[in-house]
Amino acid sequence: MSSMDIRKEIKSLVEDSIKKTHKKDFTVQVLKPKDKAHGDFAVSVALEIGKEMKINPMDVALDIKKNIKSELFKKIEIVSPGFINFFVSEKIIKQEIKTVLKEKEKFGNLEIGKGKKIQVEFVSANPTGPLTVGNGRGGPFGDVLGNVFKKAGYKVEKAYYVNDFGKQILSLGHSILKDEEAKYSGEYIDALKVKGNDAYEVGKKGAEIILNEMIKKTIDKLGIKYDEWFFESVLHKKGEIDKTIETLKKKDLTYENEGALWFKSTNFKDERDRVLIKENKEKTYLAGDIAYHKYKFEKKKFDKVINIWGADHFGDVAGLKAGVEALGYKDKLEVILLQFVTVLKDGVPVKMSKRLGTAITMDDLLEELSSDVVRFFFLEKSANTHLAFNFNLAKEQSEKNPVFYVQYAYARISSILKKAENIKTVKEFSLLNEKREIELMKQILKFKEVIEDTSMDHQLQRIPQYAIDLATTFHGFYQDCQVLVEDKELKNQRLNLILATQITLKNVLDLMGVSAPEKM
RNA sequence: GUCCCCGUAGUUCAACGGAUAGAACAAGAGAUUCCUAAUCUCUAGAUAAGGGUUCAACUCCUUUCGGGGACACCA
């Protein structure tokens, strides 16, 4: 029985008990106390019921507890002002560790997303220049979010939407031709060798080179693999945008004004209507994006689509959401906005890339840091904080940075396992009763909850935090409990425990796309 | 002006509305006859300010002050 199941079990036990004693239906929330002294799980309903029925919460808690009988718990404690704390039986925990050893790389796999298709679209930076740290932030984020969904049982597609159409391509062309309308500059523009005089054609070719020679290489260095590279120009060529606009027209959701065609997005809680076809008959970016999403839902049949955008696109969320809703896919699109990134070197923000004359790029970081470090540092922070990338910690004090701390735990385990001859399957972990050992087991089992929670709320920073916690718990165990001891049975049981730890560490590192070195 | 994100320890970040606000780096003190000291143990240190809701607020509402972003027939 995993800790997720235990949570569910507590919920139903407590709810049943309330029904019996207080004749009420109550939705119970099972809490995970921060303090170990408060048990493995806790419930605070007695406080709510006590308040509502004007009885002492402590009495309510006692009544609830009376009706709960389960082998799952070592003890159930009632603590003032009315918390009920559950301490899970160590027998159950030990059994569960055995399933970790059996499941190996499958440990942590859930069925939450079974039968559902989900798409994560991320980065999607314009092919007009190298990936900056800003638009690169979506790389690790989207990649790992996709991994979490996979682990949770979804069928996942990772997609990059290439904006190879429109004004920025023209601007790129002018920039390469270095005429008066040039907009982009820098060493990378000078390096683009494109023949021709037509600015748009030159721009198209330039964009192709930038995409293939710069962006894709950076993506590759970050260890990201996309399932789909979708080109905006394809939508234009195939007339998909016209079809989409036609659909909206039929629904009477458009109107003409000053020569342009508008979409009544205010019908869907947008603050203003949006243009689909400009006065000069060109289609707007939004028109294309709505068509793209029509394709995602209609053709590819995604149950859910998550777009990861930079915070500067905040203003566009409402328009696209309105479009998606108009097409009948309300609530299937979610947009996650990532706040800006600054790189701090010696406490001072680094703004510009040295070589390229652009904003500081992902490659600038990757030149000096491994993708392991870059990914980990990006993932540590929640999406809506402005991320200050601490370059000094990432680089100069590398032996003290959290990535190595986690990897070191893995390497330590590998090193012990190498020294041990043959490891036998354990029947039971009867000899492992030290505080450190039990703690480590509990920490391992939390992995499933981490996947569950993260697949629901998308708070990715939980993953690296968990990795650090697991490493900390292991290092503590390592300090106090010798694995390779004389007693053969104790040795074997401990070997199995660190094997389970190793499996879990590997799984969490894989999830983050960070390597797990056997030696350091 | 309107809208969004943020303000937590010296610094970078955490904390389903729950119990004593957690880490890491930096600072100070200690631990190695033993599986990798890239480790462990201990000490000191924080919710921007004011109201409100709640049995319970970093978390929700509100005002103020700060930082960032968005307000296109650009993408």
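**Entry 1: domains.** I looked up the distance between two domains. The C-alpha centres of domain 2 and domain 3 lie 36 Å apart. I noted that the model is a predicted one. Then I wrote down how chain A is divided. Domain 1 covers 3–88. Domain 2 is written as 93–110 + 400–512, and domain 3 as 123–237 + 339–396.

**Entry 2: where domain 2 meets domain 3.** I checked how many residues each domain gives to the contact. Domain 2 gives 17 residues and domain 3 gives 19 residues. Next I listed the elements that put two or more residues on the domain 2 side. They are α17 (402–419), α18 (435–457), α19 (462–480) and α20 (488–512). Which of them gives the largest share? I found that α18 does, with 3 residues. I also sorted the residues on this side of domain 2 by type: 9 are nonpolar, 8 are polar and none is charged.

**Entry 3: a sheet.** I turned to an open sheet of 3 strands. The order is β14-β13-β15, and the pairing is mixed. The edge strands are β14 (348–350) and β15, as each pairs on one side only. From one strand to the next, the twist averages 45°.

**Entry 4: the pairings.** I reminded myself that strands of a sheet pair through backbone hydrogen bonds, either parallel or antiparallel. I then took the two pairs in turn. Strand β13 (residues 341–345) and β15 run parallel, joined by 4 bridges. Here Thr-342 stands opposite Ala-388 in β15. By contrast, β13 and β14 run antiparallel, with 3 bridges between them. Lys-345 stands opposite Val-348 in β14.

**Entry 5: the faces of β15.** Which side chains of β15 (residues 387–390) are buried? I found Leu-387 and Phe-389 buried, pointing to one face.

**Entry 6: helix α3.** I ended with α3 (residues 57–66). Its buried residues include Pro-57, Val-60, Ala-61 and Ile-64.

Definitions and conventions. Residues numbered from 1 in each chain as written. Chains lettered and ligands numbered in written order. Predicted model: local features only at pLDDT ≥ 70, side-chain atom pairs only at ≥ 80, totals over all residues. Buried ≥ 20, exposed ≤ 12 C-beta atoms within 10 Å, placed from the backbone. Pairing = 2+ DSSP bridges. Domains from an automatic or database assignment. Contact = placed C-beta atoms within 7 Å. Nonpolar A, V, L, I, M, F, W, Y, C, P; charged D, E, K, R; others polar. Axes fitted to C-alpha atoms, helices over the stretch in contact; angles between N-to-C directions.
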